[in-house]
Amino acid sequence: MARNSVADRITKGVLAREEVVAYLNGSHGASGEQAAQRVHEYLDELRTVQRHAIYRVLKHPLYPIFRKIDRQPEHIERVQQATEKHRVVYVSNHRSHIDYLIEPLVLEDNDIRPPVIAAGINLFGGPLGFIHKHVTGAIPIRRNVKDPGYLITLKAYIAEILGRHDLMFYIEGGRSYSGELKSPKTGLVNAALSAELPNLVFVPCAIAYDLVLEDFILAHQKVKRRQRPFTHEFAEMVRYAVGYRSRAFVTFGEPIAAAGVDPHARRDVLELAHHVRESIGRLMKVLPTMVMATAMRRSMARPELESEVASLVDALRAAGANLAVTDPRQIVDEASRLFDARGIVVEEDGRFRVRERMVLKYYARAIDHLLPVPASRTH
């Protein structure tokens with residue numbers, strides 16, 4: 001009953017919001033019963049429930065995969081302080097389907113209240129979709145939808161949810177198939193601002209992996225051509241999970257206050273989105289695999305490679321990058337071991353040779369935003 005009552009209050013709050021009232025009165029063509037039916041259908045799709053007590057016990061059916069990932073939080077104290085006084089919107093880059101498992105678990109590890117998560121609607125089929133909707137509190141998001149009824153309802157629903165929960169979303173929209181940090185999407189930034197909460201802050205968070213689980217899948221496709229069922233993607237992930245081990249660095253930035261940003265001013269919203277995206281780019285842990293991938297050519301002797309890595313480290317340090325390692329030899333040692341295990345780069349007769357050029361470029365593009373002339377484009 002309590003949960004139904006919360007859902008009813010959220011529904012009433014959505015229906016009372018100015019843009020929804022205008023839509024129901026015909027601002028975008030539809031009106032009356034037709035418009036109301038559309039709004040209620042979208043609300044039924046968006047509605048989610050977070051049962052954190054169950055989540056803490058269940059964790060997640062993908063445990064066999066993420067137990068292979070060593071979670072490494074950075075600046076978790078920033079989040080601990082922010083959640084004491086503020087409603088928090090976590091805004092992250094998006095490298096892998098594992099992101100929306102690892103990042104909430106980092107918060108869980110540190111007893112920080114869980115956010116609801118905005119995730120692509122393709123993740124909501126089958127048993128996993130049931131868990132998202134009824135345990136973790138994930139909100140299914142339709143991407144690239146032009147229907148004003150959906151966009152208005154989504155914006156209103158996010159604003160109402162923020163009155164009760166923190167929120168996490170990915171500013172690039174979907175995962176980066178090319179490997180680079182993509183341009184920001186402003187839809188959910190605007191929706192969060194429209195809640196008009198005086199204590200709202202945006203916390204940039206950057207996730208980085210030594211090895212991305214779906215690296216081969218993403219790199220060979222490079223761009224997202226169509227939305228595939230998650231069951232298909234999950235089968236591919238299981239295949240590449242054999243022998244997979246990685247660290248996941250989740251780095252939290254200083255909170256950015258929403259106060260003073262006008263949700264009705266497109267320029268304000270865009271500037272905030274770019275500010276958050278730039279913060280994420282500087283926070284992202286620059287790992288040996290990214291550095292070696294950027295320095296590497298088709299075939300290089302170790303001294304030549306280490307020299308290229310040293311020059312690259314200097315450039316990254318000057319750009320204020322969050323470097324995991326600065327010693328060129330250590331970078332080459334760590335990255336080559338990981339790439340060799342993955343079949344991306346091998347060492348033969350004292351030379352490193354590229355076996356999977358597209359996958360190597362995928363890792364190199366991860367730090368393009370930190371370099372004045374992206375090295376990955378010179379490969």
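Biologist: In this structure, is the crossing in which α14 passes α17 left-handed or right-handed?
Modeller: This is a predicted model, and the geometry described here is computed from it. The axes of α14 and α17 come within 7 Å and cross at roughly 115°. With the helices arranged in this way, the crossing in which α14 passes α17 is left-handed.

Biologist: Why is helix α17 described as largely enclosed by the rest of the structure?
Modeller: What covers the buried residues of α17 includes the helices α11, α14 and α16, together with the strands β12 and β13. The buried residues themselves are Val359, Leu360, Lys361, Tyr362, Tyr363 and Ala364. Helix α17 spans residues 357-364 and is largely enclosed because the buried share of its eight residues is six.

Biologist: Turning to the charged pairs, how many residues apart in sequence are the parts tied together by Arg17 and Glu160?
Modeller: The side chains of Arg17 and Glu160 meet in a salt bridge, with an N to O distance of 3.0 Å. Arg17 lies in the loop between α1 and α2, whereas Glu160 belongs to helix α9, so the pair ties together parts whose separation in sequence is 143 residues.

Biologist: Which residue forms a salt bridge with Arg142?
Modeller: Arg142 lies in the loop between β4 and α9, and at 34% relative accessibility Arg142 counts as partly exposed. The pair links distant parts of the chain, 97 residues apart, with the partner located in helix α3. The closest N and O atoms are 2.6 Å apart, and the partner is Glu45.

Biologist: Which residues are linked with Arg302 in a network of salt bridges?
Modeller: The structure holds 21 salt bridges, and one of them joins the side chains of Arg47 and Asp44 at 2.9 Å, N to O. In the network that includes Arg302, the linked residues are Glu306, Arg329 and Asp333.

Methods
Residues are numbered from 1 along each chain as its sequence is written. This is a predicted model: local features need pLDDT of at least 70, side-chain atom pairs count only at pLDDT 80 or more; totals for chains, interfaces and linings use all residues. Side-chain values use heavy atoms; hydrogens and water are left out. Buried means under 20% relative accessible area, exposed over 50%, partly exposed in between (1.4 Å probe, protein chains only). Helices (H or I, at least four residues) and strands (E, at least two) are DSSP runs, numbered from the N terminus. Contact means heavy atoms within 4.5 Å. Axes are lines fitted to C-alpha atoms, for helices over the stretch in contact, and angles run from 0 to 180 degrees between N-to-C directions. A crossing is left-handed if the near helix is turned anticlockwise from the far one by less than a right angle, and right-handed if clockwise. A salt bridge is a side-chain nitrogen of Lys or Arg within 4 Å of a carboxyl oxygen of Asp or Glu.
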